Amino acid sequence: MPKRTNFHQAIVYFVKKQTAGDEATVTESKLLLDSSTGELREVDVVIEGAIGDDVVTISIEVTSGARPATVEWVEREISKHQQMPTNSLLLVSWSGFTPQAIKKAQAQGGRVQTLTPEVIQSARVPDLYIDSFGATPERFTLLLRDPDGSESRGDDFLSTANIYSGPTHDDYLCTLQDLTQRVINANSDSIEIIAHAREDKSEISHFSIEHNDLEKIGLYILRSDTEEWYRIQGLYTSGPFHLVQVKTDFTVMRLGTTNFAMTKVLLGGQPAVFVLTANPDNKSSTVSWRLV
């Protein structure tokens, strides 16, 4: 997950990543060196590619303010990148720029460009449906490595039980509920694929996951009945499940010379951004998404 992101920054990142080509690397919230201070400074989106033996760096800064970007904001970004390895600076404002701000950028001899995403009113994309599932863990079973080296199963743990990264109280990591949710998130793609392929997907009411590859991570739990530390080898969880299909409503837009479609939907109660670009050469489309 990027260090700092938002809905509009994520859209710009996906558009550039999908259209930059195989020779370029696109990174969101990348840290670049400020040669005047020796510090690393965060840049919203960075595109890096090679021209001959030289590495070219295009830095992109994004603002989502409700008003046009001012000349002061443009000046700050220009000043920020003067001591950084930025060959070209692209400033993106979702609310446009003031005339003075555009003039300031134009005075940089082509090194700085200003772009404002524009809605293409006459264009649309076919309706797409996105699967969204909810899985609520209620039962927890742990496969444990006992202090004597033997294995056992624990079925009496509460969701609030503490998980540790080592066999001491100072190594507290999270609760069993948190650990279980991480396991579910890590397996979300396979859960969704399996559920979607079933003809009775609308009738699925429960789920179960068994994850038996936790010992190498080094997780521990303290059993209250024995007051001894046990290393966690595996986790089994189950509980209520539901799968719904969310209809998307894409807005077609243009950023510079690139057309794209974007939408924001709720997945499992959390906002997610979807970005779609089309490749006219092979008549294919690319869709990227992320929770924001």
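In which strand does Ile130 lie? Ile130 is placed in strand β7, where helices (H or I, at least four residues) and strands (E, at least two) are DSSP runs numbered from the N terminus. The structure is a predicted model, in which local features need pLDDT of at least 70 and side-chain atom pairs count only at pLDDT 80 or more, whereas totals for chains, interfaces and linings use all residues. Residues are numbered from 1 along each chain as its sequence is written, and side-chain values use heavy atoms, with hydrogens and water left out.

Ile130 is buried, at a relative accessible area of 13% (buried, under 20%; exposed, over 50%; partly exposed, in between; 1.4 Å probe, protein chains only). Contacts of Ile130, beyond residues up to four places away in sequence, include Val244, Val265, Leu267 and Phe274 (contact, heavy atoms within 4.5 Å).

The largest nonpolar core comprises 26 residues, of which Leu142, Ile163, Leu176, Ile221, Ile232 and Phe241 touch the most other members. Such a core is a set of buried Ala, Val, Leu, Ile, Met, Phe, Trp, Tyr and Cys residues joined through side-chain atoms within 4.5 Å. Two or more residues are contributed by each of β7 (129–135), β8 (139–145), α4 (176–186), α5 (188–197), β12 (206–211) and β14 (228–247); β14 gives the most, with five residues. Another core, of 22 residues, lies apart from it and has Val12, Val15, Met262 and Val273 among its members.

Leu33 is located in strand β1 (residues 24–34) and is partly exposed, with a relative accessible area of 44%.
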